[in-house]
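Visitor: I am new to this structure and would like to learn how to read some of its features. Could you take me through them one at a time?

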Amino acid sequence: MALLSNSVVAALVLIAFALSNCFYMNNLSDRETKLVRCVHAEPNESIAYERLVIANPTETHNKPSENHPESFKETTNYGDDKCTMAPQSRFDCARDRVLSKRQCEERGCCYAPLPKSVGPPWCFYPSLYPGYKLGPFTPSKRGLAVTLTRAKPSYLPRDVSTLRLEIIEETTGCLHLILKDPSSQRYEVKLPADVPQSRADNSDVLYTTEYQSDPFGFIVRRKSNGHTIINTTVGPLLFADQYLQLSTTLASSLVSGLGEHYTFLLLDLNWTSLTLWNRDMAPHAHANLYGSHPFYIVQEADGLAHGVFLLNSNAIEVTLQPTPALTWVSTGGILDLYFFLGPDPQSVIRQYLQVIGHPMMPPYWSLGFHLCRWGYTTTNTTRKVAQRMHNANLPLDVQWNDLDYADKRRIFTFDPWRFGDLPEMVEEFHRRGMKYILILMAAKASQLLTAVLCWFLPQDPGISSTSPTGTYPPFDDGLKRDVFIKNVTGQILIGKVRLLFYMLFRLSDMHSMCFTVDRCPVGWQAHSCMVFQVWPGPTAFPDFTNPETRQWWEDCIRDFHSKVPVDGLWIDMNEPANFVQGSMEGCPHTDLEDPPYTPRVGGGELNSGTLCMSAQQRQSTHYNLHNMYGLTEAYATNRALTKVRGKRPFVLSRSSYSGIGRFSGVWTGDVRSDWEQLRFSIPAVLQFSLFGVPLVGADICGFEGNTTEELCGRWMQLGAFYPFMRNHNDNFNAPQEPYVFGQEAQAAMRSALNLRYSLLPFLYTLFHHAHTSADTVARPLFMEFPTDPNCQTIDRQFLWGSSLLISPVLEQGSVKLTAYLPFGIWYNLHNGQPFYSKGQYLLLSAPLDTINVHVREGHIIPQQDPALTTTASRRNPFFLTVALSAGGRAWGDLFWDDGDSLDTYKTQDYCYVIFTAGQSQVVSDPLMLNGALDELVLGGLQVFGVPSPPRYVLANGEKVSDFMYHSDTKVLTVTKLTLPMAKVFTVQWAL
């Protein structure tokens, strides 16, 4: 570009700096029908109902609400008994704003200051605070219904005086309660693609329910032991137009869920608040992050567990307190509550997934290693990355590109100069047995400051609105088909995407250049290199709740795929993120933009960093649909890829809501390259497992900041056991591809990758069980060992299924770690060394080239010789790792299909083999065959826990010469077998 005069350069620098700071500060911020027989009761008395079968039946950021109904402006003087309660049992009556003693008592609440300003509320509800009154029960189409009425309005603006409660026994272990306004249509969440629902049969349900008449409340108990699961009589039910509140006690303090947040697996109940409101926010504590999952699971005594799901997509705040108790507050919708009685933790998750849907079955190749970076600026650069991986003998299945590929940063295009041969590159990858994925985010942004702009980075799911008519078909076609979100006046809502530009200049001569850089060039002084960023780029946002939008999206993907045959799509920034508040024109002053109550959200307002709440979508306003934007985009993308490719789709989304596991995997966002984020990636992955999203992982080695060789090595070891394994890096950072490190570090990373690739048949089988039976893949220890109190809090270790225990190093400089092994025999996967645990912590050696993995007794792990791609490894011989129990037995299974076709389980186009060990032999039993295993063989096996040296080994009755026995570890290894996997085989050893 032509050189600029010193004055022009200086002016542009000042403008860019000012814009950068203004927009940065603006965007910086800191969740059979049943009949009942009712026994008459006086007010305030609990009414118990018997089940009869009959035929054919903050600190807050809120503005004060001065709209106090007159009926509550009188001071209510409760006796000391109604206000006398332990501080930890208080429920906040001043959640919406700070109240004085007079204002608190005007609400009919108790006021009792405490020495500390944090913790228990000073203004709190008395016992039996006035509320709704229960009417008579009547049969409904799905169960029972009852009307609730208020004699006096609450202190909330536009409260609802009459509610309808419907009680549905969905299944033996699932109770469904719905509270809504019968006189006014309110938004109700409808998850994409209906999930088949079952109904409770005549068998006994696992729960009993009790209802307090006045004020209304309900209690759910576990039928087997009478323990209280839910008790909402401890606080009032409040239901207003934009404020819904329900409090309940908890059965224990062992609570997990309510994501997405940067937290331990067990939530902190010490007066903490969690906000569920999707936000473009890098993971850190005390912030609402990318996803919203209003579900929690509680570990009870004796290994029992239950879960609760609030099907509500509005902004939600959940307050946790040490009673133990919690309070739901939603800013809209209805109270649509599911209670899952388990009785064990895994059953709770299965019951939850019956409601939101089982996770998708991923393509086999998607379980391999993925490599990505923002900053692979050309096809040649991208090719070299993949080639260097394989030259270093490092497995790589999927090469990715960030938005570098796009022409003027417009999705569904590719740059004719830097990526002109993108289609050819993708075909080259395919010929090598690899796959290719690219990002779908924002389209082209406006050409502002063109004198110095040279690199644009739109970071949003929107579509450019600035290209001249006829030059960008996706936008032109979208306009014709009316697919974009509109503002309150019916015009297309225009937001902004982020653009970055880099300007390098020498202070000595002020000559400026503009080009892409990862860091200041060698030889340049730090003060001579400056990076500026601004946020222009008008953008329109597709409305994925509109069927026509989903068809338009499919058409765009089909057209692009005809040119660039991508294998999957990455949908980022789909909270949706917006780099102006609401829209370019601002947002109207309405109750949707400025509701009576705003939960603790980043930026302080619901439209901070996203769209106007009043924005119009096909199903409702963005106020109601915001948290579901990523889910609806994932659904549309999954559906489009399925139709366009005719194969199993792969979609990766950052934003999420309950049910997204049916359509997409998820990654945990822009994690930093540091040891703390490495450690907290484990509970993050485990939380998503509880949410029904098994295909999940964190950006290995970190996305933000520079990694180190040790950190990246340890992260690669842990990442080898993320269900989804991807190394992804920011443009400005030091490179972190495995091949850039020293030989010892490369060897450790290669070992971790080969271990993962050898375990892919087992991992794929776990995903099969997740897809068909709602099992978990990456599993918290408490789910497998619910009666072991030591497992209740562990989130530094985790399981793959029920068989493998992973214990990674999470601290810098550590070469040993303390790991917990539950009761039983655990074998070191690397050498078969047994550990006879009584349920105890052990100090394990963990040199830099090792991650500790243990196999649980009684399990058989199907494995395969690794290769550089899954295309190659799937042709390699299998081998079995057999971990014998103390009684000499073990069991395992293998699910196998072509790894890519649609609905193979549904169409029975797969193989399924059972492996059993006992009486000194291992036997295979193919229960289902389709030809996929016909050319594959068992090449060997290793048996852990063989008590003495075998005299001989037989394979299908014939003696085997290639076997070894290690007396120190009691491991029998048999090699050089060629037993067909599609036939029954037997391997015996004589002691």
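Guide: Let us begin with a term: a polar contact is a pair of N or O atoms within 3.5 Å, and within protein one must be able to donate a hydrogen and the other to accept it. Please keep in mind that this is a predicted model.

Visitor: Which residue caps the N-terminal end of H8?

Guide: Asn546 does so, with a side-chain oxygen that lies 3.0 Å from the backbone nitrogen of Glu548. Helix H8 itself covers residues 547–563, and its 25 Å from first C-alpha to last is close to the 24 Å expected.

Visitor: Which residues of H8 are buried?

Guide: In general, an α-helix has 3.6 residues a turn, so residues three or four places apart point the same way. In H8 the buried residues include Thr549, Trp552, Trp553, Cys556, Ile557 and Phe560.

Visitor: Is Gln242 buried or exposed?

Guide: Buried means under 20% relative accessible area, and Gln242, at 5% relative accessibility, therefore counts as buried. Gln242 lies in the loop between strands S13 and S14, where its side chain makes polar contacts with the side chain of Arg158 at 2.6 Å and with that of Tyr623 at 3.1 Å.

Visitor: How do strands of a sheet pair?

Guide: They pair through backbone hydrogen bonds, either parallel or antiparallel. Here an open sheet of nine strands has the order S35-S34-S32-S31-S24-S23-S22-S37-S36, with parallel pairing. Strands S35 and S36 stand at the edges, each with a single partner strand, so one side of each is left without a neighbour in the sheet. S36 pairs with S37 over two bridges, and Ile700 stands opposite Asn727 in S37.

Technical notes:
Residues are numbered from 1 along each chain as its sequence is written. This is a predicted model: local features need pLDDT of at least 70, side-chain atom pairs count only at pLDDT 80 or more; totals for chains, interfaces and linings use all residues. Side-chain values use heavy atoms; hydrogens and water are left out. Two strands pair if DSSP finds at least two bridges between them. Helices (H or I, at least four residues) and strands (E, at least two) are DSSP runs, numbered from the N terminus. Buried means under 20% relative accessible area, exposed over 50%, partly exposed in between (1.4 Å probe, protein chains only). The expected span of a helix is 1.5 Å times one less than its number of residues.
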